Amino acid sequence: MVKKTITIELASGLEARPVAMLVQIASQYESKIYLENGNCRVNAKSIMGMMTLGLNKGEEVTVTVEGADEEAAIVDIQKYLGSN
């Protein structure tokens with residue numbers, strides 16, 4: 001299991017289009033992937049779950065990845081969320 005806190009650098013934060021892209025990235029991996037913010041923990045492969053987070057640029061999210069391809073998954077997710 002890999003756990004990392006990432007600051008969201010996407011200009012528009014996690015609204016509809018960036019969430020859809022993140023779900024696509026997460027869905028490429030076998031691993032279980034979750035994003036946490038405060039008391040809310042959602043499956044990164046669920047577009048509806050991800051929309052409930054409503055995160056803005058500059059906010060931090062904890063990403064937890066567990067599975068055979070966890071290292072590659074966390075790298076890609078961090079690369080995406082950390083881009084601007």
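This note goes through the predicted model point by point, from the whole chain down to single residues.

1. **Ground rules.** This is a predicted model, so local features need pLDDT of at least 70 and side-chain atom pairs count only at pLDDT 80 or more, while totals for chains, interfaces and linings use all residues. Residues are numbered from 1 along each chain as its sequence is written, and side-chain values use heavy atoms, with hydrogens and water left out.

2. **Elements.** The protein chain has three helices and four strands. Read from the N terminus, their order is β-α-β-β-α-β-α. Helices (H or I, at least four residues) and strands (E, at least two) are DSSP runs, numbered from the N terminus.

3. **Overall size.** The radius of gyration of the protein chain is 11 Å; this agrees with a compact globule of 84 residues, which would have a value near 12 Å. The radius is taken over C-alpha atoms, and the globule rule is 2.2 Å times the number of residues to the power 0.38. Along the principal axes, the C-alpha atoms fill a box of roughly 30 × 25 × 25 Å.

4. **Burial and surface.** Of the 84 residues, 38% are buried. Buried means under 20% relative accessible area, exposed over 50%, and partly exposed in between (1.4 Å probe, protein chains only). The protein chain exposes about 4700 Å². Carbon and sulfur atoms supply 47% of that area. Accessible areas come from the Shrake-Rupley method with a 1.4 Å probe; for residues, only the protein chains shown count as cover.

5. **Contacts along the chain.** Contact means heavy atoms within 4.5 Å.

6. **Charge.** The protein chain has 8 positive and 11 negative side chains. The centres of the two sets lie 2 Å apart. Lys and Arg count as positive and Asp and Glu as negative; His and the chain ends are not counted. Each charge is placed at NZ of Lys, CZ of Arg, CG of Asp or CD of Glu.

7. **The core.** The largest nonpolar core has 26 residues. L14, I33, L35, M50, V63 and L81 touch the most other members. At least two core residues come from each of strand 1 (2–7), helix 1 (16–27), strand 2 (32–37), helix 2 (47–53), strand 4 (60–66) and helix 3 (70–81). A nonpolar core is a set of buried Ala, Val, Leu, Ile, Met, Phe, Trp, Tyr and Cys residues joined through side-chain atoms within 4.5 Å.

8. **L35, in strand 2.** L35 lies in strand 2. L35 has a relative accessible area of 0%, so it is buried. Beyond its neighbours within four places in sequence, L35 contacts L14, L22, C40, R41, V42, A44, M50, L53, V61, T62 and V63. L53 is 18 residues from L35 along the chain, and their C-alpha atoms are separated by 8.8 Å.

9. **V19 and A26, in helix 1.** V19 is in helix 1, and A26 lies in helix 1. V19 counts as buried because its relative accessibility is 0%. A26 counts as buried because its relative accessibility is 0%. Not counting residues up to four places away in sequence, V19 touches L14, I47, M50 and M51. With that exclusion, A26 touches I33, A44 and K45. For V19 and G54, 35 residues apart along the chain, the C-alpha separation is 9.4 Å.

10. **E15, in a loop.** E15 lies in the loop between strand 1 and helix 1. E15 is partly exposed, because its relative accessible area is 46%. E15 and G54 are 39 residues apart in sequence, yet 6.5 Å apart in space, C-alpha to C-alpha.
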